[in-house]
Amino acid sequence: MEKKILLQVKNLQISWLFDKALIPIVYGVDFNLESGKVLGLVGESACGKSVTALSLLRLLAKELKIVNGEILFWEHNGGETIDITKLESRGKDIRKIRGGLVSMIFQEPMSSFSPLYTIGYQIMEVILLHSEISKKEAQERTIELLNKVGIADARNSFKSYPFEFSGGMRQRAMIAKAISCNPSLLIADEPTTALDVTIQAQILNLMRDMQHEFGTSIIFISHDLGVVGQMADEIAIMYMGKIIERGPTKEIFKNPNHPYTIKLLDAIPRLGNLEARRRLEPIRGSVPGLFNRPHGCTFNDRCDYFMSGICGASFPELKEISENHFVACYLYG
Amino acid sequence: MAKEGHIKVDGKKVQRIDIATHRQLMWWKFRKNYMAMIAAGILGIFLIISIFAEFIAPYSSGLRNTRYLAGPPMSVHLFDAKGKFHLRPFIYGWVNKRDPVTLALIPVVDTSKQIPLSIFHRGESYKLWGLFKSNLHLFGVNEGMVNIFGTDQIGRDIFSRIMYATRISLSVGAIGVFFVFIIGLLMGGIAGYFGGIADELIMRLMEFLRSIPTLPLWLALAAALPRDWSALKVYVAILLILSSVGWTNLGRRVRSKLLSIREDDFVLSARLAGCSDARIIFHHMLPSFMSYIIVDLTVSFPYIILAETALSFLGLGLREPIVSWGVLLYSAQNIHALAEIPWLLITGLFVVIAVLAFNFMGDGLRDAADPLAK
Amino acid sequence: MSTLIEVKDLKRYFPVGRSNFLGRHRIFLRAVDGVSFEIQKSESLGLVGESGSGKTTLGRTIIRLIEPTSGRIIFKNKDETIDIATLKHNELRRQWRHMQMIFQDPYSSLNQRMTVKEIIGESLIANRLASGDELDERVKNIALLCGLKIGQLRRYPHAFSGGQRQRIAIARALIMHPEFIVCDEPVSALDVSIQAQILNLLKDLQQELKLTYLFIAHDLGAVAYACERVAVMYLGRLVEVAVTEKIYYTPKHPYTEALMSSIPPDDPGLPIKKTITGEQPSPINPPTGCPFHPRCKYADDDRCRTEIPELYEVFPGHFVSCHYAESLVLKGALHQEIASGVEGAGKNRVINDLNKRRDKIIISQSK
């Protein structure tokens, strides 16, 4: 199959305007996403994964500024390339992209639906905004979508209000809304974190089915490596605003290279071999605060392989150590 | 936040914010809000005025300048009519002249006569807070009288009267808020902590009080005060009337806060630690929302001041010889007085500034009450 | 091993909506609906279930932070046997020295206005059991045990990260040397890398202080690691109680099987399992018969729809409430030796490789 690049992020830097100073939140992130693929973005809280995702739609809060970098988006049918960082954040062009070419699923689906309108109306509204069809057709399409995402009795559910839905149902409706305009890219920000484990499994299955059916590219953001492992073709691991390792999912799980990735995999309780009941291997310390960013490699104060004079100097470059597998660590220099 | 720097504790470097108490955090946040800081400054000046009213006012509130009735504000000058600079500020003298048409006596400025102002002037004697005898005033003149805000119909100095009125009006606010605080905390606390029948009764009482239109209620209560009561008795009675209605807001707030945090983790955790009911209420629950109550009280301050002003303006509140802002405005009621003596309205300016300052400070406190929020 | 806590037919119903004019409620939410189980001394019993299954209510009712509607909670402490459900207010306050709780969110469970020392030592301060140097000493000892630094005791909670706050909360719970601790989702508010630290700490403390835990969590991985036995709860009832390995690898209740099949496998290369459909019904209006029957793929006769199955012992130590527990063949989580490159033999290889690389670079630097 021919590789078609859909999205290319180059040296993206985002800073937080605090007390008249710019505090870096995202510190030079690069990645590519091929069309039809799923990229998993993994990291602990405040590592910049959600901020990165929001910047792709220019939905950042006003204290957050993109200070550098490019977000290139290929519009395949038109053949145009758009640099999203150059667009007006309230302009017409970005509105065309939001919801149309790129759509988003959030962690808490309650807050992404207005409580004042029915679920059906809100999905229909998106369809009407981005395509030239009649209201009647849009309604039929909405019901069809609700059916597809597994909402029972879609015709009646069309008239339900968000509070009448359970968390899992709302997340299904959210997915229906997100795929209603056949987006080229779907950004899912912790879509299952608020859900119970059985519902999480249902939603993941649904997302996988939808992805196979529509061939949508997905950026899947989560703190849970296990969940991302199920969904993603490729995983990028972020730590303090930087991608520190990136590669195909199986490769990351079988052959992790960055000390942080290794530790992260080791810190998850695994069910494979309970009798052994070994101790978990935690990562010592905790993520430094925004104002205590270490010099050089940001992981150096928690790393078991710290090399004085090397790791404290500057942040290591992402290097390709095997095909498509990148690591930012001086051990692989 | 990290910019607050480091200090030394037990020989070790410690981030100041790490050992900062909640109150310190609130202050750091509050002082970043310029409007609130300005408002606090203005209220500080008002506080000084009301504490040292006798000293700041050149005359007592009843002293009449019989030769200067309904006289306009005297402006204080540094340059005389010839443009010559004088280090000592001075006022011009005046002469009473008859209007050729109405034949009424009108004071007219006489630029030939300069009366210098003296600072820390020894003038009328008074007893500060009714205790310390003194005759020292912030400023005054040796010849005649100085009325920088003018005089009223019978020649009393408006500036001096406003200084005394500031003391009375702010004290009405402060004591009223204190009563509101006590009643509100008690009633809300009983309703919220014990619940059950007490809660039902108190809630119904609050609803009843809130359903009565306040102004007619105050009017009725104030009108029921015997006319032969002394001014001081009336003052206390008015305070009680105002706070008897004003506590419902605070009571409601205290009750709902108590109800909502009764099941909070930190309260459960305090119960598990074996704390007594009193310790849970006073050590854990009350402090957790005390800052919000202080905000509420700050905002209710101007309401009480305005209520007193309204009552007195209608002639049902405080009475001479006690002067409050409302009493002063009472004399500016008729159109004649307004047209002839517009400087009577300077009092209104004080009311507006005080109310605005309280509201701005309340806003600042509200933001600071949650100092760790972004 | 002896029993520390014995819960018998415990119920907690919450009234729903407003009472009628006689002050009586007609609709109830059955958060805990007839639960019986035992906790052994020095064991860690896991309690898992979806949100709304009543696991948090059960945990809080056992230490009577929530009043039980009916049932008995027998606490066997040294020589005396107490029914916690009938204790008077003052006796309960004393009993709480023996039973404590660790809350989910260390941001809301610590009073922001107290220093860490006051927070940890509150039981001693509030009951005037220690002061001055003795208080300092006891607070310091317990703080050190929980991995806090002595120099940090003067600080306020806002100076700490989530993991450190949870350490403070643990130290607070341990200051009176309780025997029994309810851990209510103690790691689910924390970052992945911190979760392991806290789980390890809880485990060390258990061994050192002979603690007994009721470990409530929705994260099946954390429970598998932390607990010897696990109880599975569904709609206010226990559906299965057994040793951890049995629950995970050979479950006997269809709901347990469904939970296990929902866990993402350790290895992303493994095929994805089919999970159950539908969602947990409301505990206000639970289904008749077996509460799980509307979602159960094995339920197809009237017995499941009408008759509530009792919790009974299928095998020694393995309790299930399912009419067909003996005949069903169910699948558990995948049992396998090496799940990824960082485990088992693979792990040593990875560490050796990293160390070798490090040494090589350091040597080349020094030249």
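Predicted model: local features only at pLDDT ≥ 70, side-chain atom pairs only at ≥ 80, totals over all residues.
Let me begin with the largest nonpolar core, which has 267 residues, and in which A:Ile219, A:Phe220, C:Ala171, C:Leu214, C:Phe215, C:Val223 and C:Val232 touch the most other members. By nonpolar core I mean a set of buried Ala, Val, Leu, Ile, Met, Phe, Trp, Tyr and Cys residues joined through C-beta atoms within 7 Å. Buried means that 20 or more other C-beta atoms lie within 10 Å of the residue's own; with 12 or fewer a residue is exposed, in between it is partly exposed, and the C-beta atoms are placed from the backbone. Helix H4 (residues 158-194) of chain B gives this core its largest share, 12 residues.

Residues are numbered from 1 along each chain as its sequence is written, and chains are lettered from A and ligands numbered from 1 in the order in which they are written.

Which residues is A:Phe220 in contact with, leaving aside its neighbours within four places in sequence? They are A:Val38, A:Leu39, A:Gly40, A:Leu41, A:Ala188, A:Val228, A:Met231 and A:Ala232. Contact here requires C-beta atoms, placed from the backbone, to lie within 7 Å.

I turn to the interfaces. Between chains A and C, 51 residues of chain A are in contact with 52 residues of chain C. On the chain A side, helix H8 (197-214), helix H9 (225-231), helix H10 (249-254) and helix H11 (259-267) each supply at least two residues. Helices (H or I, at least four residues) and strands (E, at least two) are DSSP runs, numbered from the N terminus. That side of chain A divides into 24 nonpolar, 17 polar and 10 charged residues. In this classification Ala, Val, Leu, Ile, Met, Phe, Trp, Tyr, Cys and Pro are nonpolar, Asp, Glu, Lys and Arg are charged, and the others, Gly among them, are polar.

Chains B and C meet through 21 residues from chain B and 24 residues from chain C. On the chain B side, helix H8 (265-272) and helix H9 (277-313) are the elements that give two or more residues, and H8(B) provides the largest share, 6 residues. The side of chain B that touches chain C comprises 11 nonpolar, 4 polar and 6 charged residues.

Within chain B, helix H7 (residues 231-261) has 31 residues and reaches 45 Å from its first C-alpha to its last, close to the 45 Å expected at 1.5 Å a residue. The expected span is 1.5 Å times one less than the number of residues.

Chain B is divided into domain 1 (66-154) and domain 2 (161-368), with bounds from an automatic or database domain assignment. Their C-alpha centres are separated by 38 Å, and the contact takes 7 residues from each of the two domains.

Finally, chain C has 12 helices and 12 strands, and buried residues make up 47% of its 367 residues. Chain C is divided into domain 1 (1-98 + 178-336), domain 2 (113-170) and domain 3 (343-367). The C-alpha centres of domain 1 and domain 2 of chain C lie 31 Å apart.
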